Amino acid sequence: MTNHRALVALVTGASGGIGFELAKGLRARGYELLLVSSDGEKLAKASAALKAEPGAGSVHFAALDLAEPGAAQSVWAFTTGLGLEVDVLINNAGFGIYGEHAELDPERLVRMLQLNVTTLAELCLSYGKRMKERGQGRILNVASTAAYQPTPFFAAYGASKAFVLAFSEALAKEMEDYAVSVTCLSPGPTATAFFGDLERRGLSNVHFQPAVRDSAAAVAEVGLDALFSGSLSRIVGTKNYWRAWSARLAPRSVVASIAKSMMRASPSGAPAELGGQRG
Ligand SMILES: NC(=O)c1ccc[n+]([C@@H]2O[C@H](COP(=O)([O-])OP(=O)(O)OC[C@H]3O[C@@H](n4cnc5c(N)ncnc54)[C@H](OP(=O)(O)O)[C@@H]3O)[C@@H](O)[C@H]2O)c1
């Protein structure tokens, strides 16, 4: 990319967790930041914290509910209103709903799918189109290791991330002809608010306990390395990598049964929605 203006990165879900760490890493690399998430107060605090980090670029933010239809157009209006071209788009905002699918709150289900799937695809369309016209740009979409196998009790969330994985890898092949890179990042369990009151609600087994969770900062570094090296797809961590790939080699029925036993709530807690306040 050869121009003299500051490069600009748009990060969704930047008010905390992995998104905040991605934004921090981009600021350290000299990027001007455009931050979006739904909670204006959290976002203002995140923006102030980022401004205090080393880096010279401006930090702008907009509180937008990306789980609402039409949200992608609002994001576009925000960035074009500032007169900024987006060089890096990071689709990170997302949440999961844990529990038996037939028992979920239908409204929250639709909001999760809108955020994790539809808004992400729409943002890839609008910003991808512009990047294609300019012949430059990079997109990072955050999926999950949940994308690599069916995830009983987390069925729609896992499927939404399977969409992100397949969609991103396909889009990458379309966009490579225009010098635009698309990268899919698949973190495993990560220590963020995503887990919410998970333990209290029952999913406190050995596979998800705090000791096995990566830090958001470590996940973000892997993501930025994948983004700037133009990788197609990156699973965070060696153990997660081998687990994901062994799931692709074993029969689907076996994988689904193993996943069921891993995802089941512990006897002391009933399956409930992950990140209780979300949605
Ligand atoms: N933590 C894990 O174990 C894990 C594992 C694999 C993949 N992931 C994925 O990583 C991504 C980041 O999650 P995280 O772990 O960093 O969780 P987090 O700490 O809960 O952060 C989620 C971010 O998304 C934003 N967000 C949620 N709903 C939104 C909405 N309706 N509109 C706009 N922004 C919204 C939140 O901001 P507001 O509260 O301000 O809206 C927050 O900034 C997600 O896509 C998640 O699925 C997480």
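Across the whole structure, a search finds 11 salt bridges (a side-chain nitrogen of Lys or Arg within 4 Å of a carboxyl oxygen of Asp or Glu). This is a predicted model: local features need pLDDT of at least 70, side-chain atom pairs count only at pLDDT 80 or more, and totals for chains, interfaces and linings use all residues. Residues are numbered from 1 along each chain as its sequence is written, and side-chain values use heavy atoms, leaving out hydrogens and water.

Select Arg-5 and Asp-87. Their closest N and O atoms are 2.9 Å apart, in a salt bridge. Arg-5 lies before β1 (8-12) and Asp-87 between α3 (71-81) and β4, so the pair ties together parts 82 residues apart in sequence. Asp-87 is buried at 1% relative accessible area (buried is under 20%, exposed over 50%, partly exposed in between; 1.4 Å probe, protein chains only). Arg-5 is partly exposed, at 33%.

Next, select Glu-85 and Arg-130. They meet in a salt bridge, 2.5 Å from N to O. Glu-85 sits in the loop between α3 and β4, Arg-130 in helix α4. Shared partners join Arg-5, Glu-85, Asp-87, Arg-130, Glu-133 and Arg-134 into one network.

Now the rings. Select Trp-245 and Arg-248. The charged end of Arg-248 sits over the Trp-245 ring, 4.7 Å from its centre (NZ of Lys or CZ of Arg within 6 Å of the ring centre and within 35 degrees of the ring normal).

Finish with Tyr-98, Phe-154, Tyr-157 and Phe-194, which form one aromatic cluster. Both Tyr-98 and Phe-154 are buried.

Note on methods:
Phe/Tyr/Trp six-rings, centres within 6.5 Å; stacked < 30°, edge-to-face > 60°. Helix = DSSP H or I, 4+ residues; strand = E, 2+ residues; numbered from the N terminus.
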